Amino acid sequence: MTVGYYCHWVLFEHEGVFVHSSTDAVEDQDLLISGYLRVLDKDGETVVEYKPLEDTVDPSNMLCACKDSSSVVEWTQCPSDRSHHVVDQQQQSCETEWDMVNTVSFKRKPYANGEGTSYHTHEKNCWAFSFTAADLRTVTVKTEGWTHLIFCLKDDTTLPTIHFHQGGCKEFMDCLQRCVHLTECPRDKTTFLVSCHNKTLSQSFENLLDDSNYGLVHKLKKDPYVATLGGFSKVTNYIFDAFRGPELEQREMPAEEEVAADILGEIIPGLEINQLEEPGFEVITRVDLGSRPEVQRGEPLSLADWLKYQDKEGRVRKVPELKERIFKGGLCHVVRREAWKFLLGYYTWNSTSEERKSLQRRKTDEYFRMKLQWKSVSEEQERRNSRLRDYKSLIEKDVNRTDRTNKFYEGLENPGLILLHDILMTYCMYDFDLGYVQGMSDLLSPILYVMENEVDAFWCFVNFMDEMHENFEEKMQGMRTQLIQLSTLLRLLDLAFWNYLEAQDSGYLYFCFRWLLIRFKRELHFQDVLRLWEVMWTGLPCQNFHLLVCCAILDSEKQKIMDRHYGFNEILKHINELSMKLDIEEILHKSEAICLQIKNCKDLPCSVSEILGLKAACDKSTLELSDYGILTPPLHTSGELVSNGHGQLSETSSNGYKVAFIS
C-alpha cells in the first residue's frame, strides 16, 4: 500500500467536490469535474489542495477483523473464473455474520475506463490546485442550491470555484477555522478575511480557535474539553495579540475576557478555596514533610518472569508482588497484550486459562451484537437520530487526527483507523448516554495499539472508561474534583510555589486540565504513555497516583517559573510547551519519592490522607470534606483491579468543612 503524502497529517478530506468547467446554466455531466478537497499539515504548515478524482474504491480488496483473530486480515479476490478468498484458516471467523458486520474497504485503484486508461486525466489535472493557508487572503461562501467556495490568494489570484454538491462545506470551514483566523468582511457577509497564527506559537498549540470571535473564554464555557485538548495556553490578550492579523486589530475586546482567571473560576466553581475569611474553614498550619527519600526503579517485567507468576491452570499467583514489580519497572512490550487485560480488569487475577477463553467467547458475541446495532442503521433512521449523527461526526473527525504519526495509524485508510472508529462507535451503543466526547479516542488508541484485536481492545477500553467516566460527563464533576485535589496536594508539598501561582491568578491549576483529562496522553511520547499507564494501573503506591505525577512535573518546573517571574500567560505557555519534552523515568522516580515523603509524615492532614487513600478511616469531620474534593476509597475484593483513578465522589451538604494552608 503506497503511503505518499499520507506521511503528512491529514486534517480534513472530502470527496464529491466539483469544479464546473463551464459557466453555462445548463449542467452537462461532462462539464463537471469531480474531485476531493483536503487540508493537510505539512511540517507545521497548513496546505489546502484540490485534486480531480482519478481513483475509486476497489471492492475486490477488503479487510476483516475476524472474530477470533488477533489482528486485521486482508481478503483478496481472484479473477471471476477463479474467485475465492485467500485467508489463513486460523484467522477465519467462526461465525460468518460477524465477518460481514466488520468488513470494510481499504484499497484504491485508478478509476479505469475501457482498458484501464484514466478518464480525461489530462483535462482533470489542469483543474487541480494547492496553496498554503498563509497565501490565502479571503474565502467566499455562497449558497445557490448547494454551497460553493471561492478562494482568493494574496497575489490576487482567484482559484476555480469549488462546489459541494454532496455537503461537506461546513466541515471544511470548521477545519479551516482551526488553522487560521476567519473574520467576517464588514462590506460582504459572505466573504471572510483570513489571517494566520504566529508561526512560532501555532506549532506549539493545536486547534483551539475555531470560532470567529475572541472565543477562548466563550469556548471554554461551551466546551472546555475541546479548548484544552487543542491548546489551552491561547487564553488572554497577550497570546491573542501574537495571533491576530491586521484585519482584527481594530476589533474591540469584550470586557468579560479581560480577566480570564475570573471566567475560569466560573467554569470550575469551588477553586477559590484559600480565602481564610470565609466561614467554615479548617485552618491547617504548614506541615513539615521531612526530607524526600531516594527511590530505585527496576527493569521491565520480561515474558519469562510473567509466566513464572502463573500456575498450571493459568491463574496468576502472588498478585501483590507482581503488581509491585510492574510498578517498579513496567512491562516488556511482548507481555503487555496479556498483562493489560488483568490490570484493566477485563480478566480477573484468579481466573484460569479456560475461564478466560470462555469469557472471550461471550464478550465477542456481545461486542458484535452491539456493533451490528449501529452498522444496520439506515440513512433514514440516522436522519431521525441527531445524537447518533453527532457522535458519528465527532468520532470521524477525531479518528482522523489521532496518533497519525504512529505507524499503526499512519495513512488515510489504515486498518487501525477503521478499527479505532468502529470501537468508538460501538462504545456509543454500550453507553449511549455518554456516547462520545473528544479525548476518548486518545484513551483508546494505546489500548488498540497494544491489543491488536478489536474485541479485546473494546472491553479493555470499557474498563478504562469506567474509571475515567466522570472526566467526560457534562457536569465535569470528575475534572473539578481532581483539580481541587491537586491544588490540595501542591499546597501541602510546596506552599511557596502554590502562593506564587495564586498571585499569578494560576492557583486553580487549570493548565493541568489536559494532563488529568486524558492521563498525560498528549504530554508524553507514545511509548512513554504505555509505560506510565501500566504503572498507574497497578494501583500502587497509593490512590490517585496520577495527581502525584502532576506534582512531580510541577516540582521540576517550579524553579524556572519562579526565577523567570512568569506571569499568567507565560505559565500557561510554558506548561503547554512541555509536551513531548518530559522524561518518564525522572517523573516516575520523583512521583514515587513524593508519595513516600507524604507517607512518612506523622502529622499528615486527614484531607490529604483521604485523597491518597493512606488511612482506612477518618473521623466524621474528615468525611465531610467533600467540598474540597475528598473521595471515598473504592472497596475491592480479592483479585480485583485496584483503581488509581478518582473513584466514587462523596456528596456532602453545603456546610461541609474546607481546608486552607497558611505559613
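Trainee: Is glutamate 534 buried or exposed?

Mentor: Glutamate 534 has a relative accessible area of 0%, so this residue counts as buried. Keep in mind throughout that the model is predicted.

Trainee: Where does glutamate 534 sit, and in which helix?

Mentor: Glutamate 534 belongs to helix α21, which covers residues 526-536.

Trainee: With which residues is glutamate 534 in contact once its neighbours within four places in sequence are left aside?

Mentor: The list is Ile326, Gly330, Leu331, Arg336, Trp340 and Leu343.

Trainee: Now to salt bridges. How many are found in the whole structure?

Mentor: The general idea is that side chains of opposite charge can pair when their charged atoms come close. A search of the whole structure gives 31 salt bridges.

Trainee: What is the N to O distance in the salt bridge between aspartate 174 and lysine 170?

Mentor: For that pair the distance is 3.1 Å. Both residues are in helix α3, residues 169-179, and they are 4 residues apart, or about one turn of the helix.

Trainee: Which residue meets aspartate 398 in a salt bridge?

Mentor: The partner is arginine 401, with 2.8 Å from N to O. Aspartate 398 is buried, at a relative accessible area of 2%.

Trainee: What are the accessibilities of glutamate 523 and arginine 514?

Mentor: Glutamate 523 is buried at 1%, and arginine 514 is buried at 4%. These two form a salt bridge in which the closest N and O atoms are 2.8 Å apart. Elsewhere, salt bridges with shared partners link Arg292, Asp494, Asp555, Lys558 and Lys590 into one network.

Trainee: How many disulfides does the search of the whole structure find?

Mentor: In general, a disulfide is a covalent bond between the sulfur atoms of two cysteines. Here the search of the whole structure finds 0.

Trainee: Cysteine 185 is another case to look up. Which residue stands opposite cysteine 185 in β16?

Mentor: Aspartate 188 stands opposite cysteine 185. Cysteine 185 is buried as well, with a relative accessible area of 8%.

Trainee: Over how many bridges do β15 and β16 pair, and in which sense?

Mentor: Strand β15, residues 180-185, pairs with β16 over 6 bridges in the antiparallel sense. The two are joined by a hairpin through 2 residues. Strand β16, residues 188-196, is also joined by 3 bridges to strand β12, residues 136-144, and these two run antiparallel. In that pairing, threonine 140 has threonine 191 of β16 as its bridge partner.

Trainee: Last, the aromatic rings. How many aromatic pairs are counted?

Mentor: The count is 30 aromatic pairs. In one of them, tyrosine 391 and phenylalanine 432 have ring centres 5.4 Å apart and planes at 75°, so the pair is edge-to-face. Tyrosine 391 is in helix α14 (residues 386-399) and phenylalanine 432 is in the loop between α15 (415-430) and α16 (440-451), so the pair ties together parts 41 residues apart in sequence. Tyrosine 391 is buried at 9%, whereas phenylalanine 432 is partly exposed at 25%.

Trainee: What geometry do the rings of phenylalanine 458 and tryptophan 459 have?

Mentor: Their centres are 4.9 Å apart and their planes stand at 85°, so this pair is edge-to-face. Phenylalanine 458 is buried at 0% and tryptophan 459 is buried at 3%.

Trainee: Which residues form one aromatic cluster?

Mentor: Phe12, Tyr50, Phe129, Phe131, Phe151, Phe164 and Phe172 do.

Notes. Residues numbered from 1 in each chain as written. Predicted model: local features only at pLDDT ≥ 70, side-chain atom pairs only at ≥ 80, totals over all residues. Heavy atoms only, no water. Salt bridge = Lys/Arg side-chain N within 4 Å of Asp/Glu carboxyl O. Buried < 20%, exposed > 50% of the residue type's maximum accessible area, 1.4 Å probe, protein only. Disulfide = S-S within 2.5 Å. Contact = heavy atoms within 4.5 Å. Pairing = 2+ DSSP bridges. Phe/Tyr/Trp six-rings, centres within 6.5 Å; stacked < 30°, edge-to-face > 60°.
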